[in-house]
Each structure stands twice: as structure tokens, then as C-alpha cells.
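Please keep the sequence and the model in view while reading.

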Amino acid sequence: MTTGFAAIPASGSYRLNKALVPACLVSAEAVASDRAGFALLDIAIEDGVVASLLPAGMPSLDAGHAVDLDGGIVLPRLVDVHTHLDKGHIWPRRPNPDGSFMGALTSVGADREANWTAQDVRVRMEFGLRCAFAHGTAAIRTHIDSLGPQIGISWPVLAELRAEWAGRIALQGSPLFGVEAVADDAHMQAITRAVRAHGDGLLGCVTYMIPELEAALDTIFQTAIENGFDLDFHVDESNDPAARSLEAIADAALRHRFTGRILVGHCCSLALQQPQDEARIVAKVAEAGIAVVSLPMCNMYLQDRQAGRTPRWRGVTALHELKAAGVPVMIASDNTRDPFYAYGDLDLVEVLREGTRILQLDHSGNDWVQSIATTPAALMGLPGQGRLSVGGPADMILTRARDWTEFFARPQAERTVLISGKAIDRTLPDYRELDHLMSTDA
Ligand SMILES: [Zn+2]
């Protein structure tokens, strides 16, 4: 049992004194923040609920137990808006042969056809959920590989896990398949049935430049409108400036006057456009109300990789420019220990730390923490998540770090995670639990 550094009373009623909270994640009136955007607060917790959020040092009538956090950063539990739980942890039996995007695509496809039974998918997804939970994640959207017989295998597993994890992690699924499959009526009917039976009202696919792109997007948007679905796309995960399916999605959203939520992930090639093209596309994305999630760790791993040549490009989209244009921007985990990303543990503290380094989120405003908290919570339709509010659950991550440099310099391995005011067991699952699924002659 590992519960981190903080000695939390078992009662569920106590005070956390001198908690340093990003003011942009606090729903409370008159929270004064310092130049780095932090508010120093005393947090009263009663029966697992946040009873008050007050400036530190205010006299209190409550004579109960107090935990002195001594200026340590406190975050709400966090929100991971783009993951692939169903691909997770297959690396030992199916590594990426050369670290390339094509190597990832073909390796995962072969592994899916050979090994992805309901039990295999379930055990690996659950392993990922346990990692995320231990790190302090409250909600996850996962993409579900959805081609042929895999649709009937994976979607019922997602529905079971969503029910089993309710109250610990809010789980959403979005279908993943290449955009050329949209032309196949039987495929689209199977997808729509699976989403309606087991899904979360989310439709999407992987978009890239094919001659039929506009017609395929029309079908996707029409299907979403007819069924009341929101949309979630993988977009232009490529270093080819000719990859401009993001603009086609924005055009389609405007053409269909789409009123649901749209999330697009990756959009790597946006960062390689000529300035006038980038500005035009960013403006259309903003006008269409599209939100963008960058996957910095996966992009850094796959993009600009050539054997024997040092990479020149970080692989990430134009996230600062999108934010400046008013686009809701997020960062997320993406893949974990599979051919698309060899590492990763669904730890949003790591994602924010690496995102800060890769995307240079530092020196550019003090509200980027929203990109793993309030912004993805709103996009997922979970407005109570990713923030601390009076009357809300006492779900939070406690650390000893007193500013962002202390926070990012270390992995925060000794953090304490609270759910309803109680410290959870943060023991991570052992990879050896998955050994029975990893035989390479399966
Ligand atoms: Zn992805």
C-alpha cells in the first residue's frame, strides 16, 4: 500500500492548510492569485466534500484535524482526453520494428488480428485504467480500434469497464478506423450500431488526404447529426505539408452547420504550413468551434524519425497559435507501451511536464494546466471534473512542490491522491501481470 507523503486522516473530515492551487482550476469567488497564477488556500473537507476554499490563514471555527501542506501544489484529479487503452502494453509481443509511423500501423494491425480477443483487450485496458487511477486521473477518453470483427469484440468490453470503473474513472470511447472505410455502408452501419449500443455518443475516424475525403466527411457529419453524436478525429499525423485534412474537417463543420462538439488530435502538419496557410486554417478551426488536442510524447517519438539522422522537428502542432486564436487546446497521453509510443504510463503529471518541455508551455501564460483539467473536462461533458469547487468531491492530487520548477523537476512519485477526501492506494500494477498475454508465438 502506497498513499504518498501526506498523512491523511481516515475520517474524511479535516482541513488541508496552505495548499497552493492554480487559480484557473478553482471555482470560488475572490480567489487572489500570485504572479504565477497560484492561490494559497485552506481547504476544508467534510464527509469527503469540499466544504470551503478560503485564503490561507483565515481564522476557522473548525477545530478539527488539519494537515499542513506547507505551500505544496494541489491539483484536482485530472482528465486524459486522448488515449488508446485497447492498444496498450502490447510492446513486448509486438514492438515497432523501426520506430516509424508505418512500422506502428502495420505492427498494431498484425497484433490486433492475431491476438485481440475480448479477454486480451479487457486485461490490457484494465491494466491501463489501474495505472491512470494510481496517478490521479479522474476521466479518460479512449479510442477503440474499430474494423471488421474487432467492433463486436472491443465495444462490449468498453461498456463493461465503463460500468465497473464508474465512480473511480469516467470512461468514454470513440471509434477509430481509417477514413477510406467510411465509403463502406456496412462498416458505417456496424459502427453506428456499436456506438449506439455500447458507446458515448462519439463518432470519428483517422483523416488523411484521399480523393474521397470531402464525401467521407459529409457521411461522417451526416451520421453524427442524424444520431446526435459528437465527433473526435485523428488528423494529419504526418510531416507532409500537403496533409491538410484539418482544413477539410473545418470546412465540413461549417458546411453542415454542425452544433455538436468536435475534437481533433495530432494535426502535426499544421505546424509545417506556410504562414498564410497556417493562419487561414487556424482561423477556420476557431470559426468552426473545433477543439484541438496535442499528443507531444507520441509525436516526439514517431515524427521526423529517419535512421541515422538526428530529428530536426518536435512533431507537435501549432498549439500556441491555436490557443491565441481562441481554440480550446489540450494535451493528453495517447499511446502507452505499444508500437505508436514505446513508453508512457497514463500519468498526466508526466504529460504536463513533457508537454511543457516539448511545446515550451512555460514562459507563455500561467493557465496551461487547464489543458489537462478544465478544458478536456468541458469537452467530455464533465463540467464538475478538473476543478476544485465548494460542494464538489474532495478529489485531488497533493504534492510537495512549491512552484512549477519543483513540480516539473521531479516525477512527483510521492504524491498523494484523494478521492472523496480519502487517500487511495497508489501502488502501480506490475508488468509481470501481463506476461501471460505476451507470448510471441500466439
Ligand atoms: Zn491517438
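A residue is termed buried when its relative accessible area is under 20%, exposed when it is over 50%, and partly exposed in between, with a 1.4 Å probe and protein chains only. The model is predicted, so local features need pLDDT of at least 70 and side-chain atom pairs count only at pLDDT 80 or more, whereas totals for chains, interfaces and linings use all residues. Residues are numbered from 1 along each chain as its sequence is written, and side-chain values use heavy atoms, with hydrogens and water left out.

Aspartate 111 has 0% relative accessibility and therefore counts as buried. Its side chain meets that of arginine 94 in a salt bridge at 3.4 Å, N to O; the term denotes a side-chain nitrogen of Lys or Arg within 4 Å of a carboxyl oxygen of Asp or Glu. Arginine 94 is partly exposed, its relative accessible area being 23%.

The whole structure contains 29 salt bridges. One of them joins arginine 77 to aspartate 395, with the closest N and O atoms 3.6 Å apart. Arginine 77 lies in the loop between β5 (66-76) and β6 (78-83) and aspartate 395 in the loop between β15 (388-389) and β16 (396-398), so the pair ties together parts that are 318 residues apart in sequence. Here helices (H or I, at least four residues) and strands (E, at least two) are DSSP runs, numbered from the N terminus. Both arginine 77 and aspartate 395 are buried.

Glutamate 350, in helix α10 (residues 348-358), is buried yet has no salt bridge; arginine 353, the nearest side chain of opposite charge, is 4.6 Å away. For charge, Lys and Arg count as positive and Asp and Glu as negative, while His and the chain ends are not counted.

The metal site comes next. His82 (NE2), His84 (NE2), His234 (NE2) and Asp334 (OD) coordinate the zinc ion at 2.0 to 2.4 Å. Donors are N, O and S atoms within 2.8 Å of the metal (3.2 Å for Na, K and Ca); water is not among the atoms, so sites may look incomplete. The 4 donor atoms subtend angles of 86 to 177 degrees, which makes the arrangement irregular. Four donors count as tetrahedral if all angles lie between 85 and 135 degrees; four count as square planar and six as octahedral if opposite donors are over 155 degrees apart and all others between 65 and 115; anything else is irregular. Both histidine 234 and aspartate 334 are buried.
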